[in-house]
Amino acid sequence: MSLSTNADEHQVREFTCGCCAAPAQRTWNFVLRDGSPHAVYFANSYNHGGQGHETWIDVILGSWGGENHSDHVTFGCRVGAVEDSPAPAATAVQACLDGSAGPLHGRTLSREEALAHPWITDFWAVVDHVLEHDPVVHPHLYG
Ligand SMILES: [Zn+2]
C-alpha cells in the first residue's frame, strides 16, 4: 500500500492570515493509494510574520469518483512547534477550523471523534505523506 500525489495537480493559493495579516499559503491535492483516489487534503501554512511556522491540515477520506459524498469524513491536525519540542509535532484538532467545510468534506470530526475513528491511521499516513512531499508544506516546516 503506497501513497502518491501527482505534482501537476498540486494547487497553491496565497491568502492573508486572520490573526496577523501576514501572507499565508493554502495548498491542496489528491492523494492516491496504489494509484487510486484515496484522499484530498488542504494545508494552510502560516508564519505569522516570522513569529512561528505552523501548518493546519484537513484530510478528507471516503469513496471517490461519484457525486455522493455521504461517506466522507474530514480529519484535522496542526503541525508545528510545541512546548518541549522544537521539531514540528502533529496534534489532532477539530477539522475545518478555518470554516472551509463544504459538501465534499462530509462529516467534520472533532479531536475526540478523530482519535476514536477507525480511519485515523489512514489520516496520519496521509499527513506523513503531505509533510514529506508537499512542495510548500515541507520547506515551510522543515526549512
Ligand atoms: Zn498570523
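This is a predicted model: local features need pLDDT of at least 70, side-chain atom pairs count only at pLDDT 80 or more; totals for chains, interfaces and linings use all residues.
The zinc ion is held by Cys-17, Cys-19, Cys-20 and His-48, the largest pocket is lined by 16 residues, and the largest nonpolar core has 21 residues. Keep the 3D view open and look for each residue as you meet its name.

**The zinc site**

- Which atoms coordinate the zinc ion? They are the SG atoms of Cys-17, Cys-19 and Cys-20 together with ND1 of His-48, at 2.0 to 2.3 Å.
- The site of the zinc ion is tetrahedral, and the angles among its four donor atoms run from 98 to 122 degrees.
- If you read along the chain, the donors follow the spacing C-x1-C-C-x27-H.
- Cys-17 sits in the loop between β2 (11-16) and β3 (23-33), while His-48 sits in the loop between β4 and β5, so this pair ties together parts that lie 31 residues apart in sequence.
- Is Cys-17 buried or exposed? Its relative accessibility is 7%, so Cys-17 counts as buried.
- His-48 is buried too, because its relative accessible area is 17% and the cut-off for buried is under 20%.

**The largest pocket**

- The largest pocket has a volume of about 180 Å³.
- Among the 16 lining residues, those nearest the centre of the pocket are Asn-44, Tyr-46, Trp-56, Leu-97 and Asp-98.
- Which element gives the most to the lining? That is β5, with four residues.
- By residue type, the lining of the largest pocket divides into eight nonpolar, four polar and four charged residues.

**The nonpolar core**

- In soluble globular proteins, nonpolar side chains tend to be buried together.
- In the largest nonpolar core here, which has 21 residues, Ile-57, Val-59, Leu-61, Phe-75 and Phe-123 touch the most other members.
- Strands and helices both take part: β4, β5, β6, α2 (120-133) and α3 (137-142) each give two or more residues to this core.
- The largest share of the core comes from α2, which gives six residues.
- Helix α2 also holds Asp-122, and Asp-122 counts as buried because its relative accessible area is 19%.

**Two residues with a positive phi**

- Cys-96 is another residue other than glycine with a positive phi, near 55 degrees.
- Where is Cys-96? You will find Cys-96 in the loop between β7 (85-93) and β8 (107-108).
- With a relative accessible area of 9%, Cys-96 is buried.

**Pairs separated along the chain**

- Thr-27 lies in strand β3 and is buried, with a relative accessible area of 0%.
- Thr-27 and Val-136 are 109 residues apart in sequence, and their C-alpha atoms are 7.4 Å apart in space.
- Met-1 has its place in the segment before β1 (3-4), and at 73% relative accessibility Met-1 counts as exposed.
- How many residues separate Met-1 and Arg-33 along the chain? They are 32 residues apart, with 6.5 Å between their C-alpha atoms.
- His-53 belongs to the loop between β4 and β5, and the place of His-48 is in the loop between β4 and β5 as well.
- A relative accessible area of 40% makes His-53 partly exposed.
- His-53 and Tyr-142 are 89 residues apart in sequence and 9.5 Å apart in space, taken from C-alpha to C-alpha.
- Asp-122 and Thr-74 are 48 residues apart along the chain, and 11 Å separates their C-alpha atoms.

Conventions. Residues are numbered from 1 along each chain as its sequence is written. Side-chain values use heavy atoms; hydrogens and water are left out. On a 1 Å grid over the protein atoms alone, a cavity is a set of points where a 1.4 Å probe fits but cannot get out, and a pocket is an open set with protein on both sides within 12 Å along at least five of seven lines; lining residues have an atom within 4 Å of a point. Grid points are joined across faces, edges and corners, and a volume is the space filled by probe spheres set on the points. Ala, Val, Leu, Ile, Met, Phe, Trp, Tyr, Cys and Pro count as nonpolar, Asp, Glu, Lys and Arg as charged, and the others, Gly among them, as polar. Donors are N, O and S atoms within 2.8 Å of the metal (3.2 Å for Na, K and Ca); water is not among the atoms, so sites may look incomplete. Four donors count as tetrahedral if all angles lie between 85 and 135 degrees; four count as square planar and six as octahedral if opposite donors are over 155 degrees apart and all others between 65 and 115; anything else is irregular. Buried means under 20% relative accessible area, exposed over 50%, partly exposed in between (1.4 Å probe, protein chains only). A nonpolar core is a set of buried Ala, Val, Leu, Ile, Met, Phe, Trp, Tyr and Cys residues joined through side-chain atoms within 4.5 Å.
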